[in-house]
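I opened my notebook to look through a model, one topic at a time. Here is what I looked up, in the order I went.

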Amino acid sequence: MSRKATQAAAVLLALGALAYTAWVLEVVVRTGLDPVRTYVSELAAADQPLGGLFRATDLTAGLLVLAGALTGLAATARPRPAGPAGTSWARREPGPRRPWLRVGWLALALFGAATAVDSRLPLSCTPTADPECAARETAGLVPATHTAHAVSSSLAMAGALTAIVALTLAARRYGLWRPLARTGPVLVALELLATAWTLAAVAAFEAGKGLWSLGAGQRLQVLLVAVWLAVLAWSVHREGDWDEDRDRDRDRDEDSAGPGVRGARGARGARGVRPEGRRP
């Protein structure tokens, strides 16, 4: 993966992570919703005064993550020719032999796309804060966007969970992205716990057994997704720096070794690999 593509993917993912945490504005802006009890998506409901702002940030986050994921996927699908030991994640081995990378990037793209779609399908009201809204929702008297929103939200979180697990596993299995390889397993465990809390709280709410701090659980869930995205962005950025340093060191070593060594290396490469990439 070229340095420009690496940095582009890193910047897109970092900005996506930042936009995905726009809901923390409720700490300093009065929304009228209890963050411990309400869905995060209720901030963007059609009847909320700041709904347009939060829908815009969700759309921005989704598109940024989608673009970053597609950049990473393209680099994985079209690796540069393999170089000496220690080259980048996109160059060391062709994509088909590293399936967790493809699965992870595709899942992250799904997360981004579903998040963007989700922003265009807002709730019409706030069921966890408004009993009348909850009653209409139970009776099926709310717009179809409520059902569509539930589907797109589920797809977004399924994509996020798959990406978190797959790319963290890829980082550890393939020796990639050192920061993610170190911190990823902890983030995976915390994300799974937060997801279990959120699902249990949703089930309790729909069964009329209370909210079980649904809002707190879901906010922890989406916060951990944003943190993981930030770690991935930093890891991709640092990988590009390390590759550039390695390439610079290798070029300097070759220059100091003289043209004879460079010619011998080129001759070995010409004898060892056929044009189609197979060894004789």
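Before placing anything, I note my terms: helices (H or I, at least four residues) and strands (E, at least two) are DSSP runs, numbered from the N terminus. With that in hand, I found Leu 12 in helix 1.

**Ground rules.** I am reading a predicted model, where local features need pLDDT of at least 70 and side-chain atom pairs count only at pLDDT 80 or more, while totals for chains, interfaces and linings use all residues. Residues are numbered from 1 along each chain as its sequence is written, and side-chain values use heavy atoms, with hydrogens and water left out.

**Confidence.** I checked pLDDT, the predictor's confidence in each residue, from 0 to 100. The protein has a mean pLDDT of 85, and 78% of its residues reach 70 or more. Residues 79-96 fall below 50, and this stretch has 47 contacts in the model beyond near neighbours in sequence. Residues 260-280 are also below 50, with nine such contacts. Contact here means heavy atoms within 4.5 Å.

**Leu 12.** Leaving out residues up to four places away in sequence, Leu 12 touches Leu 64, Ala 67, Gly 68 and Thr 71. Gly 68 is 56 residues from Leu 12 in sequence, yet their C-alpha atoms are 5.0 Å apart.

**Cores.** Next I looked for nonpolar cores, meaning sets of buried Ala, Val, Leu, Ile, Met, Phe, Trp, Tyr and Cys residues joined through side-chain atoms within 4.5 Å. The largest has 50 residues, and Trp 105, Leu 108, Phe 111, Trp 177, Trp 228, Leu 229 and Leu 232 have the most contacts inside it. Two or more of its residues come from each of helices 1, 2, 3, 5, 6 and 7. Helix 7 gives the most to this core, ten residues. Apart from this core lies another, of five residues, including Tyr 39 and Val 202. I also followed Leu 229: beyond four places in sequence, Leu 229 touches Leu 13, Ala 17, Val 65, Leu 108 and Phe 111.

**Pocket.** I then turned to open space, on a 1 Å grid over the protein atoms alone: a pocket is an open set of points with protein on both sides within 12 Å along at least five of seven lines, a cavity is a set where a 1.4 Å probe fits but cannot get out, and lining residues have an atom within 4 Å of a point. The largest pocket holds about 1,200 Å³, a volume being the space filled by probe spheres set on the points, which are joined across faces, edges and corners. Of its 44 lining residues, Tyr 39, Ser 41, His 149, Ser 153 and Gln 218 lie nearest the centre. Helix 5 gives the most to the lining, ten residues.

**Cavity.** How many cavities of 30 Å³ or more does the structure hold? I logged one. Its lining is Thr 31, Leu 33, Glu 42, Leu 43, Gln 48, Pro 49, Leu 50 and Phe 54.

**Thr 126.** My last entry is Thr 126, in the loop between helix 3 (99-119) and helix 4 (131-139). Thr 126 counts as buried because its relative accessible area is 5%. Beyond four places in sequence, its contacts include Leu 33, Glu 42 and Gln 48.

Definitions and conventions. Buried < 20%, exposed > 50% of the residue type's maximum accessible area, 1.4 Å probe, protein only.
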